[in-house]
Amino acid sequence: MTEADFIARLRALPLHPGAHGLTDDTATLAGLTVTTDTLVEGIHFLPADPAADVAWKLVATNLSDLAAKGARAEGILLNYPLRDDAWDAAFVAGLGQVLAAFACPLIGGDTVSLAPGAPRVLSVTAFGTDAAAPPRSGARAGDALYVTGTIGDAGAGLCIARAGHGDRALLARYRRPVPRLAEGRALAPLVHAMMDVSDGLLIDAARMAAASGLAIAIDLSAVPLAPGVTDPMTAATAGDDYELLFAAAPDVALPVPATRVGTFAPGAGLTLSHEGHSVPLPATLGYQHGLR
């Protein structure tokens with residue numbers, strides 16, 4: 001079954017009020033904003049990726065969810081499978097780097113043993129406080145859709161990692177994404193809906209629109225691209241960018257740089273255009289777990 005199918009089944013279980021109906025990337029518990037993410041070797045990172053970079057990415061993906069709620073990071077729990085001494089030591093070194101970079105201490109966690117040759121499955125739970133917490137379901141008809149930074153960098157970086165050569169800045173965007181914590185705290189009180197771009201701009205925008213009960217139109221020619229990234233459709237369907245995607249009134253004064261890429265309207269579904277011309281939807285809007 002797909003990720004969406006599985007989550008739909010989970011919604012039939014007893015849910016905590018802070019789970020928000022499993023419609024968002026974070027939960028709320030006793031004033032805390034809580035999120036968890038898992039990286040699986042061969043799915044979310046390449047076996048050849050440096051262990052220190054994997055540690056950075058594992059924490060950064062969780063902090064990106066906190067950023068989308070405007071939360072202040074308080075700390076993380078780590079669940080870690082021990083398998084290889086050198087890899088484990090390099091992972092801890094990278095973990096220290098990312099925790100220091102974002103002033104986010106380690107609270108605790110769990111370690112287990114991993115059979116030789118088994119893929120690594122790494123999990124972090126992150127806690128945040130003082131969150132304005134705009135939901136992904138809060139977009140309003142007439143709102144503009146904005147995104148911070150540039151899109152498609154990590155997808156290009158993944159291609160570089162597989163090839164073994166290429167632009168080091170794009171490679172870093174894949175291996176060491178930067179959660180937009182400061183931008184999220186500045187934006188959260190002003191925007192109607194916000195989430196991070198983890199599975200791809202198109203699929204995440206479609207999710208925001210569906211959660212808000214609206215249609216979304218995106219102009220591919222407006223999607224901000226970094227040097228070396230040339231195809232907006234490929235960029236908009238690539239994942240792992242961890243930029244902030246948010247809905248706000250079109251006349252709001254934004255406190256951080258962002259690019260308007262679309263508009264919400266009554267209705268349902270996603271439509272695309274490029275330089276004023278309608279564009280058909282691609283076969284896939286982005287990454288979806290469970291699809292084969």
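This is a predicted model: local features need pLDDT of at least 70, side-chain atom pairs count only at pLDDT 80 or more; totals for chains, interfaces and linings use all residues.
Me: How are two packed helices described?
Reply: Two packed helices are described by the angle between their axes and the distance between the axes. Helices (H or I, at least four residues) and strands (E, at least two) are DSSP runs, numbered from the N terminus. Axes are lines fitted to C-alpha atoms, for helices over the stretch in contact, and angles run from 0 to 180 degrees between N-to-C directions. Here, helix α2 (residues 51-67) packs with helix α3 (residues 85-101) at about 40°, and their axes are 7 Å apart. That makes α2 oblique to α3; angles under 35 degrees count as roughly parallel, over 145 as roughly antiparallel, 65 to 115 as roughly perpendicular and the rest as oblique.

Me: Which residues of α2 and α3 meet?
Reply: Contact means heavy atoms within 4.5 Å. From α2 the list includes A51, W56 and V59, and from α3 it includes W87, F91 and L99. By class, this contact has 14 nonpolar, 2 polar and no charged residues. Ala, Val, Leu, Ile, Met, Phe, Trp, Tyr, Cys and Pro count as nonpolar, Asp, Glu, Lys and Arg as charged, and the others, Gly among them, as polar.

Me: At what angle do helix α4 and helix α5 pack?
Reply: Helix α4 (residues 153-163) and helix α5 (residues 168-175) pack at about 105°, with their axes 7 Å apart. α4 and α5 are therefore roughly perpendicular to each other. Among the residues in contact are L158 and I160 of α4 and L171 and Y174 of α5. This contact divides into 8 nonpolar, 1 polar and 3 charged residues.

Me: In what order do the strands of the sheet with β1 stand?
Reply: Two strands pair if DSSP finds at least two bridges between them. Here 5 strands form an open sheet in the order β1-β2-β5-β3-β4, with mixed pairing. Its edge strands, β1 (27-29) and β4 (106-113), each pair on one side only. On average, neighbouring strands are turned by 25° against each other, direction ignored. β1 and strand β2 (residues 32-40) run antiparallel and are joined by 3 bridges; T28 stands opposite T33 in β2.

Me: What pairs with β5?
Reply: β2 is joined to β5 by 8 bridges, and the two run antiparallel. T33 stands opposite G128 in β5. β3 and β5 also pair in the antiparallel sense, over 7 bridges, and R72 stands opposite T129 in β5.

Me: Is β5 enclosed or open to the outside?
Reply: Buried means under 20% relative accessible area, exposed over 50%, partly exposed in between (1.4 Å probe, protein chains only). In β5, 8 of the 9 residues are buried, so β5 is largely enclosed by the rest of the structure. As for helices, α3 lies across β3, β4 and β5, running at about 175° to β3.

Me: Which strands make up the sheet with β7?
Reply: 7 strands form an open sheet in the order β7-β9-β6-β10-β8-β11-β12, and the pairing is mixed. The edge strands are β7 and β12 (277-279), each pairing on one side only. Within this sheet, strand β8 (residues 214-219) and strand β10 (residues 259-266) pair in the antiparallel sense over 5 bridges, and the bridge partner of A215 in β10 is A265.

Me: Is M195 buried or exposed?
Reply: M195 lies in strand β7 (residues 193-196) and is buried, with a relative accessible area of 2%. Leaving out residues up to four places away in sequence, M195 touches several others, among them D25, R136 and L244.

Key:
Residues are numbered from 1 along each chain as its sequence is written. Side-chain values use heavy atoms; hydrogens and water are left out.
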